[in-house]
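Me: Got a model open here and want to talk it through. Can you take my questions as they come?

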Amino acid sequence: MRVTCAIIQFDSKILAVQRSAQMKLPLKWEFAGGKIEPGESEVDCIKREVLEELNINIEVKKRLTPVTHAYPDFKIELIPFIADYVSGELKLKEHADYVLADKEALLQLDWAEADIRVVRELKEYKN
Ligand SMILES: Nc1nc2c([nH]c(=O)n2[C@@H]2O[C@H](COP(=O)(O)OP(=O)(O)OP(=O)(O)O)[C@@H](O)[C@H]2O)c(=O)[nH]1
């Protein structure tokens with residue numbers, strides 16, 4: 001299963017979102033995103049998912065290194081993108097909570113396991 005996620009920059013801060021208690025990986029932190037649909041490009045997928053989940057439009061800037069991770073009951077390829085916030089009022093449609101944090105503070109969140117390598121790569125990334 002191929003999943004895109006967006007590291008969305010609001011000025012100098014980055015948006016992280018917390019999965020709800022009812023979702024898989026309950027209450028874990030992640031970057032907004034979701035599964036790529038058949039025939040859909042990675043970039044179309046991440047823009048669609050962010051609009052559906054957060055009600056905002058983004059501009060995709062850069063693709064980071066994909067991470068393959070096996071959870072006990074499923075396996076994903078997580079494809080991260082750095083993006084800038086463009087427009088819209090942020091509204092959480094599925095998630096329990098969000099934070100806007102700098103790269104250092106992001107490391108302290110209780111991440112979905114697949115995201116840990118993404119957050120580490122992000123720390124080394126310079127705009
Ligand atoms: N969107 C997103 N999903 C992630 C991340 N990291 C990670 O392990 N995942 C996993 O990738 C899977 C696919 O994302 P999704 O949110 O489209 O999946 P879904 O709708 O089936 O999840 P659900 O069944 O919990 O609603 C989820 O099971 C999620 O746990 C991430 O940073 N962003």
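Me: Where does Asp11 sit?
Reply: Asp11 is in the loop between β1 and β2 (13-18). Strands here are DSSP E runs of at least two residues and helices are H or I runs of at least four, both numbered from the N terminus.

Me: Buried or exposed, that Asp11?
Reply: Asp11 counts as exposed, because it has 8 C-beta neighbours inside 10 Å. The cut-offs: buried means 20 or more other C-beta atoms within 10 Å of the residue's own, exposed means 12 or fewer, partly exposed is in between, and C-beta atoms are placed from the backbone.

Me: Quick check on the model itself: what are the scores?
Reply: It's a predicted model, where local features need pLDDT of at least 70 and side-chain atom pairs count only at pLDDT 80 or more, while totals for chains, interfaces and linings use all residues. Residues are numbered from 1 along each chain as its sequence is written. The model has ipTM 0.90 and pTM 0.95. The protein averages a pLDDT of 97, with 100% of the residues at 70 or above; pLDDT is the predictor's confidence in each residue, from 0 to 100.

Me: OK, ligand. Which residues come nearest?
Reply: Met23, Lys24, Glu30, Gly33 and Gly34, out of 15 residues around the ligand. A residue is near if its C-beta atom, placed from the backbone, lies within 6 Å of the molecule. Elements giving two or more residues to that shell are β1 (2-10), β4 (33-35) and β7 (75-87).

Me: Which element gives the most?
Reply: β4, with three residues.

Me: How does the shell split by class?
Reply: Nine nonpolar, two polar and four charged. Nonpolar covers Ala, Val, Leu, Ile, Met, Phe, Trp, Tyr, Cys and Pro, charged covers Asp, Glu, Lys and Arg, and the others, Gly among them, are polar.

Me: Switching to Ala112. Why does it count as buried?
Reply: Because Ala112 has 20 C-beta neighbours inside 10 Å. It's in the loop between α2 (103-106) and α3 (115-124). Skipping neighbours within four places in sequence, Ala112 is in contact with Leu25, Lys28, Trp29 and Glu30, where contact means C-beta atoms, placed from the backbone, within 7 Å.

Me: How many residues are in the largest nonpolar core?
Reply: 29, and those with the most contacts inside it are Ala6, Ile7, Ile8, Ala16, Ala32, Val50 and Ile58. Such a core is a set of buried Ala, Val, Leu, Ile, Met, Phe, Trp, Tyr and Cys residues joined through C-beta atoms within 7 Å. β1, β2, α1, β7 and α3 are the elements giving two or more residues to this core.

Me: What does Ala32 touch?
Reply: Beyond four places in sequence, Ala32 touches Cys5, Ala6, Val17, Glu49, Val50, Glu53 and Leu54.

Me: Last one: where is Ala101?
Reply: Ala101 is in strand β8 (residues 97-101). Outside the four places on either side in sequence, Ala101 touches Lys13, Ile14, Ala16 and Leu106.

Key:
Two residues are in contact if their C-beta atoms, placed from the backbone, lie within 7 Å.
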